[in-house]
Amino acid sequence: MPRLKKLDVVSIEDLSTAEIERIFTIAEELERSLEQGKSLTSAHNLVMSTLFYEPSTRTRLSFESAMHRLGGAVISSADMQASSAAKGESLADTVRVVSNYADVIVLRHPQDGAARVAAEYATCPIINAGDGSREHPTQTLCDLYILKKKKGYLKGLTVALCGDLKYGRTVHSLIYALARFGANIVAVPTAGMNVPEYVLDRLAAERSYSFSTVTMDELKSLAGGLDALYLTPSAPHQMALFAGGAAGERAPAAEPPAALDAFYVTRLQKERLGSKESPAENYVRFDARALKTHRTQEAVVMHPLPRTNELAYELDEDPRAIYFQQAAAGVPVRMALIAWMIEETAGKDVRLVTPAEGAVRFRAETAPRCVNSNCITRFEGLYLRPRFRAARSVDPNRFNLRCDYCERELSAEFVGHTRSHRYYKFDESMHGFVRQWIADGSLAVFDSVKQAEEHGYEPYKRGPQREILKGGEVSQAVESLADQIVADIPDLADVTLVGVVSHGGLLAMRLRALIEKKTGVHPPCAAVDVYSAADPIRPLDGSEEFSAEGRTIVIVDDVINSGWTVQRAMTMLWQIGRPGAVKLAVLIDRGHRALPIRPNYVGKNIPTSRTERVQVRLAAPGAGATGKAQDRVMLYSMVEPMRESEATR
Ligand code: NCD
């Protein structure tokens, strides 16, 4: 039986305003007790576990100090490489187990949404000490606590957030909190490091709040002369700066405040940059000059620390520099958070963890993948089913879903109905049906026609359907492909065939059998599943290890619709090795594709219009003449979405 109520703090939004204020009151009392050297015992029978999958100094040590100072005990795994995580244990399993050893878990993890997963699987409360680039709610408690102490209040303060606002998780939690307490935000991101859309969306949806974004230069002129900025007609957002965004969007401050109250400077989160992102040039460097104008002389300078080069050491002695006080607040504020949990456990009110309202769970095989490559759902393995909420969409022809774990949005072009096994191109008229399917758990979502068809879905109303190739003709096309490969590639011993699941896999095996018959060479054969996060490429020869290094890879697919699947297959190959050459073999070339990918070998050219779809049915290799007689290539066109009466069929 857990000894602390399940009060997870995954997001700063998990705490109500009254709860945050209560935590601050307790923190002040505890600060006094600490000053008086009192020994405290309120956590004497409790154990905290600190699970840190990422480096930390302040957060972990201040949590541990806080627990010790409250008379509690701490068990710590500061280097998860020394734990079962290194053996491939999922986060869900780890926290389920550790829940038996501790009464509260403090978790830091590199993946977005990790703390939400942990909260769902742990039976004790989870405190998020940073999950990827998402949130760091207890840092925000420290930030607000000190800011409020310095300024006396939060409502109406104007805070400039500077630096990496994209990956800085402390900034995201702080933004939600500043919005809630009625402070004004001016975002001053380094180029390319803007506050992410999902944060802006959540602010707009839940708090009707928005803020202005300016460049460092604009901020400088703002600091020097607000009036000048107000007269700049070419950039309307600047005119609204400090006054509360566009009309009707928010109104924390009716009158533009005369000054900036705080600068919150952050470190570039180098470790979170994507593989295609380069370190930002002209990253903010903040020094004492910034505090010299009449609009900034009252401002405090904040930083969650660690700093790199963005804050000059000369600032440290300035009483307006409060970053070491933020770090020091870590102990009383985190003590207060634990003390508040103990207080709540003793009280009567119960808080239950329930998945977000309106969450869409998908049947495993039709579940879309979260678009965020750092989402925890992409790392937890097969058993964590992704979960989404329907989100607003600007484009009426896209169906948008927001990941429940990392909050990133996915925009789908095709939706399916799991009972009728039909798929549809999404458009505005389908909103009603889709809502119905969400309610009864029968919604499927697909990135492409190909993905829908590979899951056995058929288009709603195929229109006139024509058979364009049958048995013998399909075999001829396969034969022709094999001939082209044999004629073109000088050394077949270097060749590995990689079929795109599922039809490409079958086709690759049939090609291999033909190549072997013609030349005696037996090329290795693998299948690539572009929809699978774990283990996407596997050999089709049982035990053989797949290797791309230095090989001539022939990617094999039945039809190319957009070219997306092939592009993705190539990316996946690149991730595991560097092939000597890559060639593309397709059974049917329909004459157009969205991406500039041209097959090297084509079984048959069948020009089609863009609304037409080609569907291939292939017998397994070794199916014999009767099996091969079942081979088919069909052509059909997609028309109108389904009617109400058919939706529940
Ligand atoms: C921050 C973090 O880990 O997100 N550190 C902290 O907890 N104070 C900020 C950072 O690493 O830049």
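1. E89 counts as partly exposed because its relative accessibility is 32%; buried means under 20% relative accessible area, exposed over 50%, and partly exposed in between, with a 1.4 Å probe and protein chains only. E89 sits in the loop between strand 2 and helix 3 (91–98). Helices (H or I, at least four residues) and strands (E, at least two) are DSSP runs numbered from the N terminus. The C-alpha atoms of E89 and E380 are 8.8 Å apart, although 291 residues separate the two along the chain.

2. This is a predicted model, in which local features need pLDDT of at least 70 and side-chain atom pairs count only at pLDDT 80 or more, while totals for chains, interfaces and linings use all residues. Residues are numbered from 1 along each chain as its sequence is written, and side-chain values use heavy atoms, with hydrogens and water left out.

3. I75 belongs to strand 2 (residues 73–77). I75 counts as partly exposed, at 34% relative accessibility.

4. The residues around the ligand (a heavy atom within 4 Å) include T59, R108, H136, R169 and R267. This shell divides into three nonpolar, five polar and three charged residues.

5. On the side-chain part, an N or O atom of Q269 lies 2.8 Å from a ligand oxygen.

Methods: A polar contact is a pair of N or O atoms within 3.5 Å; within protein, one must be able to donate a hydrogen and the other to accept it, and residues adjacent in sequence count only if both atoms are side-chain atoms. Ala, Val, Leu, Ile, Met, Phe, Trp, Tyr, Cys and Pro count as nonpolar, Asp, Glu, Lys and Arg as charged, and the others, Gly among them, as polar.
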